[in-house]
Amino acid sequence: MNTGALTAQPIASPHAHGGNSVTRTMLRVQMALVPATLYGFWLFGWPAFFLWLLTILSCLGFEALALKMMGVTRIKATLFDGSALLTGWLLAMTLPPWAPWWVAVVGGFIAIVIGKQVFGGVGQNVFNPAMVARVALLVSFPVPLTQWVYPLPLTSLAAPDFIDGLRIFLTSLPQPDAMASASLLGYTKTELSRGIDLLHSLAGDHAPVLSWIGARSGSFGESASLLILGGGLYLIGVGIISWHTPAAVLAGLAIPAAIGHSVDPTHYLSVSAHLLSGAAMLGAFFIATDYVTSPNTVSGQIVFGLGIGLMTWVIRTYGGYPEGMAFAVLLMNALTPVIDRFIKPRVLGRDRKGKPLDIPETKEA
Amino acid sequence: MGFMNLFKTFLGNHWGIHPADHKRPASEQPVRRLPLPPRLHLMLSQHVGAPARPVVLVGQKVLKGELIAAAQGNISAPLHAPTSGRITAISEITAPHASGLPAMAITLDPDGEECWVDVERPTNPYALAPDEIAARVAAAGVVGLGGATFPSSVKLNLGRRSHIDTLIINGSECEPYLSCDDRLMRDRAVQIVSGIRLMLISTGARVAKVGIEDNKPEAIAAMREAAEGYGEVVVVVVPARYPMGSDRQLIVELTGREVPSDARAADVGVIVHNVGTAYAVHEAICLGRPLISRLITLNGNGVTMPGNYEVPLGTLVSDLIAFTGGVQGEVAKLVMGGPMMGSILPQTRVPVVKGTSGVLLLDAREAAAFEPEACIRCGSCIKACPMGLLPLEMSAHIRNDDLDGAVDLGLADCIACGCCAYVCPSHIPLVQYFYHAKGDLSARQRNQLRSESTRKLANARQERLDRESREKAEAAARRKAERAAQQAAAMEASSKSGELA
């Protein structure tokens with residue numbers, strides 16, 4: 001087949017366009033992230049802002065470098081379609097807010113070069129780039145990736161100012177103990193491994209509180225669950241994502257959590273603890289709904305979402321790591337081609353297997 | 001059933017798109033009749049099937065409505081003179097097609113007298129026999145005026161043979177910009193209903209359902225009023241959604257029946273005709289007038305006087321534009337038909353044909369051209385596809401030269417409605433991909449047929465040669481045996497005679 005004709009200026013219909021574009025789509029997702037991000041800056045101060053900025057810049061920088069090395073001619077258009085920026089932003093949302101500068105740079109490299117460009121660039125990657133980077137960082141550098149700080153709102157006295165923030169960001173000094181804190185999932189996991197069950201550990205003085213408004217330690221994407229949820233609802237409202245994937249993820253997480261908690265509350269966290277902890281909200285609305293790495297069809301997306309939710313619960317409950325969202329997403333990403341292969345929409349005039357429908361018996365006139 | 005529908009909506013049964021319709025203000029203008037242009041060019045092939053065969057000579061004078069080219073073969077349609085005048089040429093002119101290639105046409109210079117040929121008007125057209133109606137429709141050159149241009153009489157006969165029960169009249173006009181069907185229903189509803197009744201008689205269907213989109217309230221009211229008293233003609237309001245006017249989608253909407261992908265509408269007891277066709281049937285039967293003109297929507301930002309025009313077939317698009325005040329501003333794209341499925345015209349000196357529903361002069365803002373980007377697998381095209389296909393997967397296979405993969409995904413079911421390309425945020429020309437692949441597919445099928453028949457011929461020849469040589473050998477063996485027998489007989493005879501001697 002001569003595919004030259006495909007790249008020629010299109011002459012075929014339609015001669016009108018709905019006006020949607022990749023840039024517009026990416027922009028809307030970024031807008032949905034703004035409230036949670038701003039709130040994160042306020043909660044965790046300047047270091048968090050520097051981390052966010054550098055993660056995005058490093059993603060853009062590695063994207064430009066990769067495009068140049070591959071000899072892509074339209075570097076500017078591809079660079080500013082918003083996809084690399086969004087990857088960086090999402091990655092920053094999952095990092096500990098006071099992580100040092102090199103985490104941002106290494107993360108950007110892994111996300112863009114290994115997670116995306118190696119597969120062929122935008123639209124070709126099998127795994128979610130932000131999650132690839134997150135998991136690679138967590139496995140390679142477990143210490144800086146699990147050091148959470150207690151929120152020190154910018155207005156509070158103890159909060160580091162601009163210069164201090166820069167120092168914390170650039171020198172990766174060990175954090176003072178007073179500021180360090182464990183996330184809820186990490187804390188309960190540690191306590192459970194010490195033989196202290198949930199009833200006692202959560203009743204203890206050092207137990208992290210569960211908070212809808214995010215006054216607790218965790219990443220940006222974790223602390224402001226409510227704002228993330230709001231952003232997700234906005235995306236559903238403007239039609240960027242459909243509600244099926246997030247609902248399936250949350251259901252996949254909540255259903256086993258509810259069963260477990262009702263059977264044995266000493267060993268299984270409650271539904272609200274699961275839904276408000278870790279990357280549950282961010283994962284459900286922003287990560288699992290990634291176009292490229294999720295299935296095509298609504299039914300496929302429901303299977304995909306349920307898988308992520310269930311796997312997250314399994315890893316959180318039985319796995320070695322306190323949080324499993326990133327692993328669950330990557331595992332289900334790998335299954336996406338399989339899901340797409342088996343779950344296809346029914347073609348009008350054909351049955352589910354693709355055979356033409358039977359012609360009805362001729363009716364008597 | 002209701003629950004299932006709710007469930008489907010819940011799961012996202014949102015086929016199709018809702019493009020800005022741009023129908024107003026053109027649709028609000030009363031129909032204007034185009035004055036006779038200086039010259040008409042009637043394409044011999046302006047319908048599905050074999051081209052018409054000219055039955056006039058250059059220099060011959062013809063009257064309005066006189067047959068100038070006859071149908072050829074089972075699926076074809078005749079042509080008639082749109083006005084009285086003289087035939088000045090039968091030659092090639094540029095066809096109204098994106099390729100800009102030439103095709104045969106009859107050129108007619110009007111004499112301005114509009115002198116009608118004698119026509120026969122039946123006293124009671126509704127008492128005609130079904131096959132007589134179909135025969136008259138065929139003789140009048142009526143074809144599907146929704147754009148398909150399939151000879152209407154063939155469909156009427158097919159309907160009678162396959163015992164259809166429902167006649168669907170397509171008045172949905174889902175293409176943006178176009179309003180010729182809307183206008184026709186508002187202004188000539190009585191004639192349309194008359195045509196529908198004739199088609200009911202001809203097909204033997206019990207009921208006719210007229211599907212009109214809910215964005216045409218005036219047309220709905222006019223058609224309801226005209227259909228009053230005829231219980232067999234039912235006007236059904238359908239939601240405005242593109243491509244509601246595609247026959248398979250409209251059949252599901254109006255009857256709940258799904259046409260199997262390898263079957264025709266008649267196989268599920270339905271036949272679909274356009275409202276324009278119904279009007280043409282009325283004209284042909286009740287007034288004896290062949291199809292010589294049609295309503296055309298002229299629209300787009302490049303048009304000075306947008307509206308609907310009654311245009312004689314064969315009028316050059318350039319004449320149409322000149323008569324309506326010329327071009328306004330810069331025209332980026334010249335389209336024949338609607339913006340979703342119409343084809344671009346390389347120039348304006350092409351004639352209007354039976355299937356021309358509109359001429360659009362789109363400016364750069366309306367016909368925005370974009371640089372295609374990489375697919376981000378957003379799935380918009382899957383949601384929009386009215387056939388339930390996977391446009392993004394199909395295009396990926398086509399781009400990688402995997403025609404079989406695209407066919408397995410249902411390439412043949414694609415109706416080229418353009419929904420996928422309309423919603424694509426990466427501006428991928430998906431329909432162009434599918435046209436391209438379908439072209440390759442049909443070329444491959446032709447080649448297969450050809451090599452198949454070549455192989456058959458070669459096999460037959462080999463068989464014949466084998467048979468001939470076998471027969472030769474057998475004949476030779478037989479002769480040899482006969483000779484041996486004769487010799488033996490002769491020997492015996494001689495030895496016997498020797499014995500005797």
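Reader: In S6(B), which residue is the bridge partner of B:Leu67?

Author: In this predicted model, strand S5 (residues 67-70) of chain B is joined to S6(B) by 2 bridges, and the two strands run antiparallel. Strands of a sheet pair through backbone hydrogen bonds, either parallel or antiparallel. Within S6(B), the bridge partner of B:Leu67 is B:His80.

Reader: Is B:Tyr177 buried or exposed?

Author: B:Tyr177 is in the loop between strand S9 (166-170) and helix H4 (180-187) of chain B. Its phi is positive, about 70 degrees, although the residue is not a glycine. A residue is buried if 20 or more other C-beta atoms lie within 10 Å of its own. Because B:Tyr177 has 30 C-beta neighbours inside 10 Å, it counts as buried.

Reader: How many other C-beta atoms lie within 10 Å of B:Asp401?

Author: B:Asp401 also has a positive phi, about 65 degrees, without being a glycine. Most residues other than glycine have a negative phi. The place of B:Asp401 is in the loop between helix H11 (391-399) and helix H12 (403-408) of chain B. B:Asp401 is partly exposed, and the number of other C-beta atoms within 10 Å is 13.

Reader: Why is H8(B) described as largely enclosed by the rest of the structure?

Author: Helix H8 of chain B covers residues 275-286 and reaches 16 Å from its first C-alpha to its last, close to the 16 Å expected at 1.5 Å a residue. Among its buried residues are B:Val275, B:Tyr279, B:His282, B:Glu283 and B:Ile285. H8(B) is largely enclosed because its buried residues number 11 of the 12.

Reader: Which residue just after H8(B) takes a positive phi?

Author: The helix itself spans residues 275-286 of chain B. Just after H8(B), a positive phi of about 70 degrees is found at B:Gly288.

Reader: Which residue is joined to B:Pro243 by a cis peptide bond?

Author: Most peptide bonds are trans. B:Pro243 lies in the loop between strand S11 (233-238) and helix H7 (247-255) of chain B. The cis bond has an omega of about -5 degrees, and the residue it joins to B:Pro243 is B:Tyr242.

Reader: Where in chain A is A:Pro14, which a cis peptide bond joins to A:Ser13?

Author: The bond that joins A:Ser13 and A:Pro14 is cis, with omega about -5 degrees. A:Pro14 is placed in the loop between H1 and H2 of chain A.

Reader: How many nonpolar residues are on the side of chain A that touches chain B?

Author: Contact between the chains involves 42 residues of chain A and 64 residues of chain B. Helix H1 (4-7) and helix H2 (22-70) of chain A each supply at least two residues of the side that touches chain B. Of the residues on that side of chain A, 15 are polar and 6 are charged, while the nonpolar residues number 21.

Reader: What percentage of the contacts in chain A with a separation of 6 or more comes from residues 24 or more positions apart?

Author: Chain A contains 17 helices and 2 strands. Of its 365 residues, 49% are buried. Among contacts in chain A with a separation of 6 or more, the share from residues 24 or more positions apart is 75%.

Definitions and conventions. Residues numbered from 1 in each chain as written. Chains lettered and ligands numbered in written order. Predicted model: local features only at pLDDT ≥ 70, side-chain atom pairs only at ≥ 80, totals over all residues. Contact = placed C-beta atoms within 7 Å. Helix = DSSP H or I, 4+ residues; strand = E, 2+ residues; numbered from the N terminus. Nonpolar A, V, L, I, M, F, W, Y, C, P; charged D, E, K, R; others polar. Expected span 1.5 Å × (residues − 1). Pairing = 2+ DSSP bridges.
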